[in-house]
Each structure stands twice: as structure tokens, then as C-alpha cells.
Amino acid sequence: MADPHLSRQEAEAALRSALTWPRVGSPVDPTAAGAAAAGGGVLGIALAVGAFGLVEWPSWIAFGAVGAAAGGIPVWAWLDGRVQEQTRARQRAATRVARESLVEVPASFATWAGSDGKSLAHDDLVALARAVSATRAAASTLDAWRWGEPDVDWPHAHAVVDPVLVGEYEAARAVLDELAGSLSYEVPAEVAPESLR
């Protein structure tokens, strides 16, 4: 289900971006790193000659290599870090848009939405889809907690955490049931947590 204010192209782009992981960023331009390495190499040779008075070419090679590494590697690492951060920022933005604009619902939802000549406003369908999605997420969290193996004292953690997660599921389910009732939507059994069935 897509937000009614989102065009089809924008919805498809948001979904494609959110599902593409990892996003491939633009490669690092080697020009700047190469220039830094060359400059570092020249400075290394100049240091060998000017500061230490070394005129043998093996000394120049050694100082030039050290200077090139000292100049090129940090610049390359900095450029690569910028590319990676830009990639992560694009992924975060795409995921945020997808979460705000696209809602995952059970397959039965599409069947119900198009059956019996139903003619609901798109906003109502989106609201119902969001309620279904929120309830399923709360149910999944509860199941993951109950079937997980946390590295904590289980009886104590169960007594503290379980009621909170059950409460979150019940609150989401209450919203869904109220909305579903007003739209004559039968909530599928798969929405409920398996640990409560």
C-alpha cells in the first residue's frame, strides 16, 4: 500500500531504494589521492636531500615511498569515508521514505480490498494497512522476545518485559479492530502473535 500523496514513480523509486542493500556509492576518485601521494613523495625526497644530505638514489626511493604513503593513504581513507557516509545517508533517506510511504500488508488484504465491489477512500485503505502493519510488527516483536534466548535472568526479565510487549500488541490490535470494524474488514489470524494463538 502506498501513501495517496505519493506518485507511482516515487513509490517505486522509494521501494527500490529501500530494498537495494548495500547501495553502491560512487567510487573514490583516485586523482586527489594520487596527487597527495606524489606530493608526499616529492617532500620525502626533498627531506632526504635537504635535511639529511642523502644523495644516494636508494635513500631517495625509501624517503619518497614513505612520503607517498604518508600523503596518499590518509587522503584516500578520507575520500573513501566520505563516499561511504554519503551512501549510508542515501540509504537512511530511502528507508525513511519507504517506511513513511509504503506499508507491507498480508496478501489477503489486497484480495479483501478489491472484493465485493468495495469502494473505499484510499486514505481509509492506507490507514487500515498501517494498522495491520503496526499490529503485525508488535506481534513479531512479542514472538521474538518469547522465543529468543536473552542473556539475562529469564524469570525476572519475563516478568518485566513480557507484559510491556503484550500491552503494545494489545494496544495496536485495539486500534486495528476498531478501524477494521468500521470498514468491515475481517482481521486475518496471521496478524496475531503465534505465541498467543
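The protein exposes about 12300 Å², and carbon and sulfur atoms supply 62% of that area; accessible areas come from the Shrake-Rupley method with a 1.4 Å probe, and for residues only the protein chains shown count as cover. This is a predicted model, in which local features need pLDDT of at least 70 and side-chain atom pairs count only at pLDDT 80 or more, while totals for chains, interfaces and linings use all residues. Residues are numbered from 1 along each chain as its sequence is written, and side-chain values use heavy atoms, with hydrogens and water left out.

**Overall composition**

- The secondary structure comes to six helices and zero strands, where helices (H or I, at least four residues) and strands (E, at least two) are DSSP runs numbered from the N terminus.
- Read from the N terminus, the order of elements is α-α-α-α-α-α.
- Of the 197 residues of the protein, 27% count as buried; buried means under 20% relative accessible area, exposed means over 50%, and partly exposed lies in between (1.4 Å probe, protein chains only).
- Among contacts (heavy atoms within 4.5 Å) between residues at least 6 apart in sequence, 73% join residues at least 24 apart.

**Confidence**

- The average pLDDT of the protein is 78, and 75% of the residues score at least 70; pLDDT is the predictor's confidence in each residue, from 0 to 100.
- Among the elements, helix α1 (residues 8-19) has the lowest mean pLDDT, 66, whereas α6 has the highest, 87.

**Helix α2**

- Helix α2 (residues 30-50) has 21 residues, which at 1.5 Å a residue should span 30 Å; the end C-alpha atoms are 29 Å apart, which agrees. The expected span is 1.5 Å times one less than the number of residues.
- The residues A33, A36, G40, G41, G44 and A48 of α2 are buried.
- Seen down the axis of α2, these buried residues fall within an arc of 140 degrees, so they line one face of the helix; the arc is that of the directions from the helix axis to the C-beta atoms.
- An α-helix has 3.6 residues a turn, so residues three or four places apart point the same way.
- On the face of α2 turned away from its buried side are the exposed residues T31, V42, L43 and G50.

- S59 is located in helix α3 (residues 57-101) and is buried, with a relative accessible area of 17%.
- Not counting residues up to four places away in sequence, S59 touches A48 and L54.
- The 26 residues of helix α5 (residues 122-147) should span 38 Å at 1.5 Å a residue, and the 37 Å between its end C-alpha atoms agrees.
- The buried residues of α5 include L125, V126, L142 and W145.

**Helix α6 and the segment after it**

- D162 belongs to helix α6 (residues 154-183) and is buried, with a relative accessible area of 7%.
- The side chains of D162 and R146 are joined by a polar contact of 2.8 Å. A polar contact is a pair of N or O atoms within 3.5 Å; within protein, one must be able to donate a hydrogen and the other to accept it, and residues adjacent in sequence count only if both atoms are side-chain atoms.
- V164 is also in helix α6, but is partly exposed, with a relative accessible area of 46%.
- From C-alpha to C-alpha, V164 and L142 are 9.3 Å apart in space, and they are 22 residues apart in sequence.
- S184 lies in the segment after α6 and counts as exposed at 56% relative accessibility.
- S184 has a positive phi of about 60 degrees although it is not a glycine. Most residues other than glycine have a negative phi.
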